[in-house]
Amino acid sequence: MLKKNALAVALVATAALTLSSCAGDTADSGSSPVSDVSAGTDEKAATVLDRPFEKPDLVLTDTHGKKYDLRERTKGKPTLVYFGYTNCPDVCPLTMSNIAIAYKKLPQADRDKLQVVFVTTDPERDTPEALGKWLKGAGDPSFTGLTGDFPAIQAGARRMGIGIDPPKKEKDGSVVSMHGAQVIAFSPKTDAGYVLYSDDTTADDYIEDLPELVEGKNP
Amino acid sequence: MNRRTILATAAALTAGLVLAGCSTGSGSGGPALKVEGAFMPEPVTDDMAAGFLTVKNDSGTADRLTSVTSDIAGEVTIHRTTGQKMREAESFDVPADGELNLERGGNHLMFMELRKKPEQGDTVSVELHFEKAGPIRAELPVKETTHNPDKQ
């Protein structure tokens with residue numbers, strides 16, 4: 001009996017060691033406990049700006065093909081703005097999906113207030129229809145998608161501290177576009193852009209912060 | 001079952017676990033490579049998808065990931081991310097006694113011309129081609145769109 005137990009234990013231990021040798025290898029590739037701590041909950045995802053950005057006077061076209069005046073439509077409302085493009089396989093859908101998860105957790109009254117605006121950096125490919133289709137999958141049908149002339153979009157982004165280059169066609173015919181480095185939150189109290197989120201902000205970070213942003217408070 | 005059989009069974013099970021845990025290259029004399037932590041975030045449209053994985057190289061010979069193929073996509077390219085831009089790369093280095101990490105926000109596989117939209121719970125098969133090692137098949141479980149192992 002004792003012998004049998006010992007063997008069973010040995011077997012389980014071997015199995016566990018074998019499994020953990022694989023899992024351990026994966027952990028080495030960037031999710032060691034140390035890096036978890038620095039990227040985790042004890043460090044704030046939000047950067048609150050000492051000098052907030054004035055909301056730019058940006059007039060573009062929404063996913064229904066209608067004129068959309070950013071200042072007029074988002075005046076006095078908490079607003080998140082992100083610059084990206086739909087041919088972006090990783091960071092753009094990740095960012096919008098993280099925001100959408102947090103958005104869906106807000107009470108309806110807060111959801112009615114919060115404006116989430118995705119501005120394309122690749123207007124030639126991102127037609128209103130393409131943007132609308134993508135936003136339904138990547139974000140939420142209530143999010144606003146904007147397209148227009150690249151110089152107007154670039155100028156608007158620059159006034160929010162976001163640098164974007166025009167899409168560039170490579171020799172092989174592929175197009176290299178660029179997404180913005182940060183999501184900007186505008187306050188319902190001042191209409192100024194006062195908080196930044198980098199692209200490694202998680203859904204949980206947004207879940208924590210959106211209720212504050214809706215009130216115009218510092219997260 | 002005598003003790004020897006039980007031990008043999010244990011050894012066989014262990015071997016099975018090793019195989020299930022990691023896919024190892026059946027390289028013909030090239031460096032011994034293995035793929036770990038592979039996944040695909042569920043794409044948001046049926047136009048394109050991204051894939052992430054780590055290629056471990058436990059040998060003293062450096063190699064290079066040169067191309068990727070998959071049944072589900074007309075085209076798979078390897079993409080290098082620099083700042084907020086990504087462009088197709090010719091190849092990715094797999095350093096000797098090191099690893100190639102394709103991870104969220106960084107370098108990645110890009111699947112185009114999808115034959116069907118992968119859904120969470122599906123598994124996508126890819127074949128990785130290297131300059132020296134033989135091709136490696138890897139299975140990418142499809143996870144939620146926001147899946148990011150570095151953040152969990």
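Modeller: Of the 219 residues of chain A, 41% count as buried (20 or more other C-beta atoms, placed from the backbone, within 10 Å of a residue's own). This is a predicted model, in which local features need pLDDT of at least 70 and side-chain atom pairs count only at pLDDT 80 or more, while totals for chains, interfaces and linings use all residues. Residues are numbered from 1 along each chain as its sequence is written, and chains are lettered from A and ligands numbered from 1 in the order in which they are written.

Chain A has eight helices and ten strands (DSSP runs of H or I over at least four residues, and of E over at least two, numbered from the N terminus). In chain A, helix H4, residues 91-105, packs with helix H8, residues 203-215, at an angle of about 40 degrees, their axes being 8 Å apart (lines fitted to C-alpha atoms over the stretch in contact, with angles from 0 to 180 degrees between N-to-C directions). The crossing of H4(A) and H8(A) is right-handed (the near helix is turned clockwise from the far one by less than a right angle).

On the H4(A) side, the contact is made by A:Asn98, A:Ile99, A:Ile101, A:Ala102, A:Tyr103 and A:Lys105, and on the H8(A) side by A:Ala203, A:Tyr206, A:Ile207 and A:Leu210 (C-beta atoms, placed from the backbone, within 7 Å). The residues of this contact between H4(A) and H8(A) comprise eight nonpolar, one polar and one charged (Ala, Val, Leu, Ile, Met, Phe, Trp, Tyr, Cys and Pro are nonpolar, Asp, Glu, Lys and Arg charged, the others, Gly among them, polar).

Methods: Two residues are in contact if their C-beta atoms, placed from the backbone, lie within 7 Å. A residue is buried if 20 or more other C-beta atoms lie within 10 Å of its own, exposed if 12 or fewer, and partly exposed in between; C-beta atoms are placed from the backbone.
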